[in-house]
Amino acid sequence: MTASRTARERVRAELTREITDIARRQLATEGAGGLSLRAVAREMGMVSSAIYRYFPSRDDLLTALIIDGYNALGETVERADAGCPQDDFPRRWLTVCHAVRDWAVAHPHEYALLYGSPVPGYQAPQDTVAARVRDVTVLGRLLSDAWRAGAVRPSATEPPEGLESDAATFRQLMPEVPDNVIWPAVVSWAAMYGWVNFEVFGQFNNTIENRSAAFDHAMRLMAETIGLAQ
């Protein structure tokens, strides 16, 4: 019975992977809003009723794709940071930023699912949170390490009153880091994703040709904003 159960689980895992692979290809042609369980079933040669045993609804399939996407991006960022000298904080920052950009450029349709326009009628469940914060957790660890090493210069601009609770939320990912380091880091992280969005969604077309070099320069400017020692 155990062997039989294991075989069934293996078959289920393989079919689930095939479904999500086909769904990712569908994202490239139809977009997230056009994702269809029936279309996936047709491509697999499966009756439409059978696919619902794996994903009861389109939203369940979207959730699986979103979690897979966040995990793929998060793993890429984690691996990039781990490959850097841990006491070279500017290099870690640049490497992590380039890892995000490189993954987004290589997987534009998956990136669009994560950071593009919301899918009408879809509300991401709590299940996505752990995967969603993997990349920003790397930023938090980097900032905490830099702060403890005395390698980050606090901003002279103090945040206004009323942002203390928000800073405390971010501090869960950046232990010990003061507010006037947290906010420049959050601003720079948001700017990094804003740049990547502009590139992936075509806003730099016919304006910036050497996008890799421009991105690198922009992220060096953001390192200065954060106050990372050069």
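## Overall architecture

Helices in this account are DSSP runs of at least four residues, numbered from the N terminus, and by that convention Thr95 has its place in helix H5, which covers residues 89-106. The model described here is predicted. Its chain comprises eleven helices and zero strands, and the order of elements from the N terminus on is α-α-α-α-α-α-α-α-α-α-α.

Taken along the principal axes, the C-alpha atoms of the chain fill a box of roughly 65 × 50 × 35 Å. Of the 230 residues in the chain, 40% are buried.

Because 13 of its 18 residues are buried, H5 is largely enclosed by the rest of the structure. The N-terminal end of H5 is capped by Asp88, a side-chain oxygen of which lies 3.2 Å from the backbone nitrogen of Arg91.

Arg91 also takes part in a pairing through its backbone oxygen, which is 2.8 Å from a polar atom of the side chain of Thr95. Thr95 itself has a relative accessible area of 25% and is therefore partly exposed, since that class lies between the buried limit of under 20% and the exposed limit of over 50%. Once residues up to four places away in sequence are set aside, Thr95 touches Ala80 and Cys84. Tyr111 is 16 residues from Thr95 along the chain, and the C-alpha atoms of these two residues are separated by 19 Å.

Asp216 lies in helix H11, which runs over residues 211-226, and its side chain is joined to that of Arg220 by a polar contact of 2.7 Å. When neighbours within four places in sequence are left aside, Asp216 is in contact with Leu94 and His98; given that H5 covers residues 89-106, both of these partners belong to that helix.

Glu199 is found in helix H10 and, at 11% relative accessibility, counts as buried. Not counting residues up to four places away in sequence, Glu199 touches Arg101, Val105, Phe204 and Arg211.

## Helix H8 and what covers it

Helix H8 consists of 15 residues, 134-148, which at 1.5 Å a residue should span 21 Å; the end C-alpha atoms are 21 Å apart, in agreement with that expectation. The buried residues of H8 are Asp135, Val136, Val138, Leu139, Gly140, Leu142, Leu143, Ser144 and Ala146.

What covers these buried residues includes H4, H5, H6, H10 and H11, together with helix H7, residues 129-132. H8 is followed by Gly150, a residue whose phi is positive, near 70°.

## The largest pocket

About 260 Å³ of space lies in the largest pocket. Its lining is formed by 14 residues, of which Ile66, Tyr70, Leu113, Leu114 and Ala124 are the closest to its centre.

Helix H4 (58-82) and helix H6 (108-115) each supply at least two residues of this lining, and H6 gives the most, with four residues. By residue class, the lining of the largest pocket divides into ten nonpolar, three polar and one charged.

## Loop residues with positive phi

Most residues other than glycine have a negative phi. Against that background, Glu176 is worth a look in the model, with a positive phi near 80°. Glu176 is found in the loop between helix H9 (164-171) and helix H10 (179-200), and its 52% relative accessibility means that it counts as exposed, the limit for that class being over 50%.

Asn206 likewise has a positive phi, near 65°, in a residue other than glycine. Asn206 lies in the loop between H10 and H11, and at 75% relative accessibility Asn206 counts as exposed.

Technical notes:
Residues numbered from 1 in each chain as written. Heavy atoms only, no water. Buried < 20%, exposed > 50% of the residue type's maximum accessible area, 1.4 Å probe, protein only. Contact = heavy atoms within 4.5 Å. Polar contact = N/O pair within 3.5 Å; in protein donor to acceptor, adjacent residues only side chain to side chain. 1 Å grid on protein atoms, 1.4 Å probe; cavity = no way out; pocket = protein on both sides within 12 Å on 5 of 7 lines; lining within 4 Å. Points joined across faces, edges and corners; volume = space filled by probe spheres on them. Nonpolar A, V, L, I, M, F, W, Y, C, P; charged D, E, K, R; others polar. Expected span 1.5 Å × (residues − 1).
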